[in-house]
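Dear colleague,

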Amino acid sequence: MRANIATRLSPDWLPDLDEEQVVELAELLRLLGEPTRLRVLLACLAQSGSVGELAERTSLARSLVSHHLRMLRASRFLSATRSGKQIIYAPVDDRVRCILEDLVGHVIEVPEEKDE
């Protein structure tokens, strides 16, 4: 008989997630895993802009940028605000910036060698 069977799926510092929330989280991570989409999101974090401005900054086709902006907006990473004839895309809030800062920090951090 096992007395210490773990009953929590997540660490104590995270709330428990139900199956639907785990699937949604996996979908968000999948969205961020596409390099072109991530490049568009990073460009929006650097400075909000229209489809044309973001296409120019990322050196991508307007249609491709527009496609990725729709996906990022549907996933609640970006908001869209009309300014005259243009729609300006910007991060929804600072949580988007925090997520990416943490991920970038993880990627560029040099791991320390641990004695075993």
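The largest share of the lining of the largest pocket, six residues, comes from α1, where helices are DSSP runs of H or I of at least four residues, numbered from the N terminus. Please bear in mind that this is a predicted model, in which local features need pLDDT of at least 70 and side-chain atom pairs count only at pLDDT 80 or more, while totals for chains, interfaces and linings use all residues. Residues are numbered from 1 along each chain as its sequence is written, and side-chain values use heavy atoms, with hydrogens and water left out.

The largest pocket has a volume of about 720 Å³ (a pocket being, on a 1 Å grid over the protein atoms alone, an open set of points where a 1.4 Å probe fits, with protein on both sides within 12 Å along at least five of seven lines, and lining residues having an atom within 4 Å of a point; a volume is the space filled by probe spheres set on the points, which are joined across faces, edges and corners). Of the 20 residues lining the largest pocket, Leu-25, Leu-28, Arg-76, Arg-95 and Ile-99 are the closest to its centre. Both α1 (19–32) and α5 (94–108) supply at least two residues of this lining, which by class has 13 nonpolar, two polar and five charged residues (Ala, Val, Leu, Ile, Met, Phe, Trp, Tyr, Cys and Pro count as nonpolar, Asp, Glu, Lys and Arg as charged, and the others, Gly among them, as polar).

The second largest pocket, with a volume of about 160 Å³, is lined by Leu-32, Leu-38, Leu-42, Leu-100, Leu-103, Val-104, Val-107 and Ile-108. α5 gives the most to this lining, with five residues, and by class the lining has eight nonpolar, no polar and no charged residues.

Best wishes
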